[in-house]
Amino acid sequence: MDNIVLTIDNKKISCPAGTSILQAAIQNDIKIPHLCYHPDLKPFGACRLCLVEDEQSGRLMASCVTPVVADMTLLTDTPRILSHRRNIVRLMIAEHPESCIVCSKGNRCQLRWAAAQMGIGETDLYSMPNYKPLEQANPFIIRDLSKCILCGKCIRADHELVVVGAIDYNLRGFESRPATVHEQGLEQSNCTFCGTCVSMCPTGALSAKSSQYVGSPATESFSICGFCGVGCSLAMGQSAGKVIDVNPAHLADSVNKATLCVRGHFAHDFLNSPRRLIAPMMPKEKEDETSEMAPVSWDAALDQVADRLRQIKEESGPQSIAFLGSSKCSNEENYLIQKIARVLIGTNNVDNGGYVSGQFLSTILDQKTGGGGRPAPFDNLATADVIVVLGADPNHSLPVVSYYLKRAAKNGVPLVVIDPRKTDLVSFASLWLPIKPQTDLELINAMAALLHETNAYDSEFIDRYAEGFSLFTYALSSLDMKKICRLTGLEMQQVNAMAALLKEKRVAFVIGHGILQQRYGTHTLGAILNLSLMTGSLGAEGAGIYILARENNQNGAMDMGTIPDLLPGRMPIAEDSNRKTWEKNWGIKISPDPGLNMGRVIEAAESGQLKALYIMGENPLRSLPQPQRVKAALENLEFVAVQDILDSEIANLADVVLPGAAMSEKGGSFTNLEGRIQSFAPVVTPPGKAKPDWEILDLLAARLETSATYGSLEKIRDEIRRLVPAYADLNGSATAWVKPYSPMAVFGARDAHEMISFSPVVSSADEPDDSDYPFTAILGSLRYHLGSGTRTSASERIRDLDHTGDVAINVRDADKLKLKDGDAVKIETRWGEIKRNIGRSNRIGPGQLFVPLAVNDNDAMNLIDLTDLSEPNSTGWKTCAAKITRA
Ligand code: SF4
Ligand code: SF4
Ligand code: SF4
Ligand code: FES
């Protein structure tokens, strides 16, 4: 777009045509007061504070809704403008209640700020406060609409950014207010408590319940959300060394911009939980000869860990020791823990909690595509040809991803949702395929066959990048569509409708736990890759495969090598050249044997092959299936060290507990699921004697090998930058991006020489009906908890919600079983049982049960088998056969 030139306050500026006057002024450091403008929202023109005057015509105009015109000459602070602005603010103040003085928005209230700037104290206008009842029944948000100035930011944020539509204008004139349907409380509406409206609100009309009467933060610093893989940027406010307020950082180039979800906005109170570990601990014998954990010095705790690891290594060899790095800890910490395992102990037994989220599929994708499996920025989804969401309910698991999907769908991008349940995304979808659980593989194969049949594939892309197409299409020709319809429970018409949407389109596949943890996960991923190759989607803008990493640093932990069979830089350990590279880097010999993954660690502990386990920031007792079996296995070990931030079941099993720091209490970097490396600095200091995890590992390394210390975070980063080329840009201040690993990762690169093979066409088994366990239980997350819920269940606000995780059952099934809402039931599978209440639902198909994870200490993990997820014949962790009876 052409630039045009205009003058504001005697300053000549240039900006693209179509820019609003206010934007042009902001871009050129010219300050114009405004209350209803936000760069991420459509301009609205409600407050009229942003008035400017056209010098030639004398016309006053709201600068946020008026586009620039060439050769305009504008003034922003003439006496006329100032008088109008003062009157606007005086009227707002006259309508405001007297509670201003105790308002929790305090000095951050933009109305108060504007009034102070204009020298407005008490107004001489007749005071007409517009009292409204305080709404605060929910644990997160207080609505005091007597302080509302009708700027409309909350409504626009709710509709345009998070696309929920929980609030809208109600009534007119003096009575007009943002309200839910029928003026009910937010807790009775479809509000997700993302808090985006709260951080947008310029006054105290909307505020976080948590920040009521705690005063304004003394400082506000940039940080990164430590919950899910989106990696939202945060502004964390602290007072007296405690985080008291969290808001989106409102950065234009961040992944979340002005949005957050309920966890990021409100669940960070877990940082101040009384369950925080604040001192190193070891068991102390009591008089009755039992023992209890008691605080000890750092030296005593670390000496004990080093001595025991050294002793066990000497007695039983390095393979008798395993380490769990953390999908929640920083890149620097993960690099360090795997280096301790591989270099100082001499074992490849190192994994991280991403195992639970099926991270092995990311490895497979990387390896099959030569690093081309990296997802692209979410921004690209806005321009996708078509988006297919499989086995993912990002509205709950990764809410900010769902905002991207909903916004794209609202703007006309066709969205296909493949899910047995009618998730919230379905109302935005062009097509919903209510597929039977675990049959996605069949549907994707059918898509490939139908696109092939109609010649609707990208032969140029296939010729250039793929091999084995003829064999693949030969296998497709034998697929039986009738059988596919029977297995998937779909009509041929529905299958054809999806093929029509994909025809000659580049596709963005968004896949979640429904695929990553399912029985046929590996084959389904192979089928998705086949379809991506056929449609030329890999590497195309707004297309490709988006694997929804659940934990905040799952991708970074993989990049740093806390994976048994991958060295840092995701280099497969089985390849001689990779081992040689790292043997040279570290000056050691590396065994080609892949170490134990998290599942195998439990088996090795049971058999006695494993003697010691060092766990950093993971809780296998909650995150793995069969917690009793996992507990018995860990009790079988000679030594367990737990480095964590919260006291939990796993800390109770430890021989030594080392208190770590949460992300707001240390420096480091996380890599989000787009490959964005984001660095952060401490906002507060760790509680008590807790230390940053990198420092704990560094102190331990020093005890194992005196020359192995770094002494500073920067030195660890230096080494990562030097040795892991994908992290060459890790800089400790701004966002960097993971660099592609190989030329194949950049499709179109001239020297891309390897070819990607089509995966074999595999069909799922025709399962007989199971009369003993006639239901299919689907395990899944709800937005208030992340993963197994260790951190979110330490949040008082989430607990106050009293979220009980009712099991959803189809209304007709409930009728047959004579069950009504809230009835207590027992869910049994071949592996275990749980008790819950039920909720009747039309969003789930007959014969299915939806069991929310994370509640009741994540007891739902009792229902499934502890099978190694990464094994192709694994029965998966997502679904299982179940029966339901009245409890
Ligand atoms: S909290 Fe989020 S979902 Fe609820 S009204 Fe505000 S913006 Fe909408
Ligand atoms: S509640 Fe706040 S954001 Fe919403 S219209 Fe009122 S003042 Fe504006
Ligand atoms: S939990 Fe995920 S989506 Fe929510 S604020 Fe944190 S990073 Fe963003
Ligand atoms: S900021 Fe322009 S009218 Fe409110």
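This is a predicted model: local features need pLDDT of at least 70, side-chain atom pairs count only at pLDDT 80 or more; totals for chains, interfaces and linings use all residues.

Residues are numbered from 1 along each chain as its sequence is written, ligands are numbered from 1 in the order in which they are written, and side-chain values use heavy atoms, with hydrogens and water left out.

Q: Why is the contact of Arg703 with Asp299 called a salt bridge?
A: A salt bridge is a side-chain nitrogen of Lys or Arg within 4 Å of a carboxyl oxygen of Asp or Glu. The closest N and O atoms of Arg703 and Asp299 are 2.6 Å apart, so the pair qualifies.

Q: What makes Arg703 partly exposed?
A: Buried means under 20% relative accessible area and exposed over 50%, with partly exposed in between (1.4 Å probe, protein chains only). Arg703 has 23% relative accessibility, so Arg703 counts as partly exposed. Asp299, at 48%, is also partly exposed.

Q: Why do Asp815 and Arg840 count as a salt bridge?
A: Their N to O distance is 3.0 Å, which is within the limit, and therefore the pair counts. Asp815 lies in helix H27 (residues 811–816), and Arg840 lies in strand E35 (residues 833–841), 25 residues away; a strand is a DSSP run of E with at least two residues. Asp815 has 44% relative accessibility and counts as partly exposed, as does Arg840 at 29%.

Q: Which residues are linked with Asp718 in a network of salt bridges?
A: The network joins Glu332, Glu714, Arg717, Asp718 and Arg721. Within it, the closest N and O atoms of Arg721 and Asp718 are 2.7 Å apart.

Q: How many charged residues does the shell around ligand 2 have?
A: The shell has 10 nonpolar, two polar and no charged residues. Ala, Val, Leu, Ile, Met, Phe, Trp, Tyr, Cys and Pro count as nonpolar, Asp, Glu, Lys and Arg as charged, and the others, Gly among them, as polar. Residues around ligand 2, with a heavy atom within 4 Å of it, include Cys148, Cys151, Cys154 and Cys201.

Conventions. Helices (H or I, at least four residues) and strands (E, at least two) are DSSP runs, numbered from the N terminus.
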